Amino acid sequence: MELVTAYLYNRIPVETNDINVKTFHHLKRNGWYTDARTNKKFTMLNKRIEIDDQWYRVMIRFEYNGFLEGEDVFLLSLPCPFLITKCQPVEGISSARWKDTEVYHGPKLGSVLGFLQKGVPSAVIEEVSNDLKQYVQYN
């Protein structure tokens, strides 16, 4: 991978500070859903992405950073995406069940480039980046 390409994948396409709470509404209207582990300190959103007949569950994480101009503000946790999980639908009564087959933790990999080195397709990273560019709002 060229040095410039590696730099571009590691660079977040949006500001990571002062993210408005309205961002979550816009992301959820466009394929993202709240992770069950969301709490007061962290809001975590997931999205399932299919690339070449392989499913990935991608997590982005926002840390609560206080109150600004009358609204809650958040920081985007890095690296972004924060977590990527290879998964497959479980055959059966409901298509809402999924089996995780491999998990990649961003903090353990150190950067977005780490996901690519582990074999995650760049299209997954690009889709997350495009969603962030399109839907993140700031205070």
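A search of the whole structure, which is a predicted model, finds 0 disulfides. A disulfide is a covalent bond between the sulfur atoms of two cysteines. Take Cys80: the nearest cysteine sulfur, that of Cys87, is 18 Å away. A disulfide needs the two sulfur atoms within 2.5 Å, so Cys80 is in none. Cys87 is in no disulfide either, with the sulfur of Cys80 as its nearest, 18 Å away. Are these cysteines buried or exposed? Cys80 has 5% relative accessibility, so it counts as buried. Cys87 is buried as well, at 2%.

Now turn to the aromatic rings. The whole structure holds 4 aromatic pairs. One of them joins Phe24 and Phe74, with ring centres 4.8 Å apart. Their planes meet at 70°, so this pair is edge-to-face. The partners come from distant parts of the chain, 50 residues apart. Phe24 lies in helix 2 (residues 22–28), and Phe74 lies in strand 5 (residues 71–76). Both residues are buried.

Trp55 and Trp98 form another aromatic pair, 5.2 Å centre to centre. This one is edge-to-face, with 70° between the planes. It too links distant parts of the chain, 43 residues apart. Trp55 sits in strand 4 (residues 54–68), Trp98 in strand 7 (residues 98–105). How exposed are these two? Trp55 is partly exposed, with a relative accessible area of 23%. Trp98 is also partly exposed, at 25%.

The charged end of Arg61 sits over the ring of Phe42. The distance to the ring centre is 3.9 Å.

Key:
Residues numbered from 1 in each chain as written. Predicted model: local features only at pLDDT ≥ 70, side-chain atom pairs only at ≥ 80, totals over all residues. Heavy atoms only, no water. Buried < 20%, exposed > 50% of the residue type's maximum accessible area, 1.4 Å probe, protein only. Phe/Tyr/Trp six-rings, centres within 6.5 Å; stacked < 30°, edge-to-face > 60°. Helix = DSSP H or I, 4+ residues; strand = E, 2+ residues; numbered from the N terminus. Lys NZ or Arg CZ within 6 Å of the ring centre and 35° of its normal.
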